[in-house]
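Please look over the model below before reading the numbered points.

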Amino acid sequence: MMELSDDNELFVRSVLMDSEDIEVEKYKRKISRALSFNKRRTKLWDFKETNRILRYLAKATNDAMILADVYIHTVIEGKKIIEEFGDIEERDYLSMEGFYEDAIKWVIVAEKQGHDISHLKEELYQVRLDARHIGWGYGDELSEIWREYFGDNDIE
């Protein structure tokens, strides 16, 4: 049964809660494909597909470090869209704000599970710094989300 498609395999794992051998890099590649675009400025990114991948992965593992890592990858891939396209639609910014907040939540859970989160926190902080001058209040919102969960403006 596990020789089905990658999506079916992930679904079966999510139902059976078999988190061993989750291929993190494979799911990062899936996220990268879902959030891809071409240089002719044709929108190809698909937040619905991205959410589906993340939802199945969350069902497939209890390891918050895996989830935090993949969510942060998602945030960084979203950052690439903004860097390339500049001003995008407000709903796209809202999706990326949601990914950022979810990434922070998984980082906090990973810390509670006993993982060292310092490098994850650094990556999220850098995304926040890079977003300072982005439109639609995106940078301000990431700063608010950061302060809500970490209570300060610094990485420490």
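1. Helix 5 passes helix 7 in a right-handed crossing; that is, the near helix is turned clockwise from the far one by less than a right angle. Helices here are DSSP runs (H or I, at least four residues), numbered from the N terminus. The contact (heavy atoms within 4.5 Å) involves residues including Y93, M96 and Y100 of helix 5 and L142, I145 and W146 of helix 7. Its residues divide into 11 nonpolar, no polar and five charged.

2. This is a predicted model: local features need pLDDT of at least 70, side-chain atom pairs count only at pLDDT 80 or more, and totals for chains, interfaces and linings use all residues. Residues are numbered from 1 along each chain as its sequence is written, and side-chain values use heavy atoms, without hydrogens and water.

3. The axes of helix 5 and helix 7 are 10 Å apart, at an angle of about 20 degrees. The two helices are therefore roughly parallel to each other (angles under 35 degrees).

4. The largest nonpolar core has 45 residues, and I88, M96, Y100, I104 and L124 have the most contacts inside it. Such a core is a set of buried Ala, Val, Leu, Ile, Met, Phe, Trp, Tyr and Cys residues joined through side-chain atoms within 4.5 Å. Helix 4 gives the largest share of this core, 12 residues.

5. L129 lies in helix 6. With a relative accessible area of 24%, L129 is partly exposed (buried is under 20%, exposed over 50%, partly exposed in between, with a 1.4 Å probe and protein chains only). The C-alpha atoms of L129 and S143 are separated by 8.3 Å.

Note on methods. Axes are lines fitted to C-alpha atoms, for helices over the stretch in contact, and angles run from 0 to 180 degrees between N-to-C directions. Angles under 35 degrees count as roughly parallel, over 145 as roughly antiparallel, 65 to 115 as roughly perpendicular and the rest as oblique. Ala, Val, Leu, Ile, Met, Phe, Trp, Tyr, Cys and Pro count as nonpolar, Asp, Glu, Lys and Arg as charged, and the others, Gly among them, as polar.
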